[in-house]
Amino acid sequence: MSHDTATTPKPLFIAPMDVRWQDLDAYNHVNNSNYLVYLQEARLQWLKDLPGNWYSPEAAPVMAHSEINYRLPIEWPANIEIELYLNRLGTSSMTIGHRIMDADDATRIHADGSVTMVWIDTKTGRPVPVPQAVKDALAA
């Protein structure tokens with residue numbers, strides 16, 4: 001799959017990541033479950049640097065949906081980048097598109113897809129509005 005900059009929106013965030021030996025499976029490539037770990041780490045790197053609170057003891061995001069299209073295996077050693085994009089912002093949720101790419105060759109896309117996060121009241125489990133800090137970051 002090639003990297004088409006004409007149709008690719010500007011990323012919200014790009015997270016560089018190192019592939020660790022322990023991430024590999026018996027076939028000497030990154031195990032599919034580690035892709036979710038990489039994506040989680042990229043989202044948390046983006047969120048932690050937002051000015052303002054994106055979570056509190058009363059409200060926090062939970063994963064509602066995830067989708068990964070595995071395009072090319074990631075073999076060790078490798079340096080990857082994870083690009084995050086806003087696909088949709090709702091009242092209590094947002095869908096973030098993602099791509100895992102080779103850090104040295106953006107045409108080598110290892111995976112793409114999206115995740116939907118919903119902010120919930122931590123006591124009731126009911127949806128609450130996306131925090132203003134997140135909305136402000138997405139509008140910037």
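Buried here means under 20% relative accessible area, exposed means over 50%, and partly exposed is in between (1.4 Å probe, protein chains only). In a regular strand the side chains alternate between the two faces of the sheet.

This is a predicted model, where local features need pLDDT of at least 70 and side-chain atom pairs count only at pLDDT 80 or more, while totals for chains, interfaces and linings use all residues. Residues are numbered from 1 along each chain as its sequence is written, and side-chain values use heavy atoms, with hydrogens and water left out.

**Around strand 1**

- Strand 1 runs antiparallel to strand 3 (residues 79-89), and six bridges join them; strands pair if DSSP finds at least two bridges between them.
- Glutamine 45 belongs to helix 1 (residues 32-48); helices (H or I, at least four residues) and strands (E, at least two) are DSSP runs, numbered from the N terminus.
- Glutamine 45 counts as buried because its relative accessibility is 18%.
- Leaving aside residues up to four places away in sequence, glutamine 45 touches Phe13, Ala15, Pro16 and Met17 (contact is heavy atoms within 4.5 Å).

**The largest nonpolar core**

- This core has 32 residues, and Tyr38, Trp46, Ile74, Ile82, Met94, Ile100 and Val134 touch the most other members.
- At least two core residues come from each of strand 1, helix 1, strand 2 (59-70), strand 3, strand 4 (93-102), strand 5 (105-121) and helix 2 (132-139).
- Helix 1 gives the largest share, six residues.
- A nonpolar core is a set of buried Ala, Val, Leu, Ile, Met, Phe, Trp, Tyr and Cys residues joined through side-chain atoms within 4.5 Å.
- Not counting residues up to four places away in sequence, valine 134 touches Trp46, Leu47, Leu50, Trp54, Met94 and Trp119.

**Aromatic pairs**

- The whole structure holds three aromatic pairs; rings of Phe, Tyr and Trp (its six-membered ring) pair if their centres lie within 6.5 Å, with planes under 30 degrees apart stacked, over 60 edge-to-face and the rest tilted.
- One of them is edge-to-face, tryptophan 21 with tryptophan 76, at 5.0 Å centre to centre and 85° between the planes.
- Those two tryptophans are 55 residues apart: tryptophan 21 is in the loop between strand 1 and helix 1, tryptophan 76 in the loop between strand 2 and strand 3.
- Tryptophan 21 counts as exposed at 57% relative accessibility, and tryptophan 76 is partly exposed at 38%.
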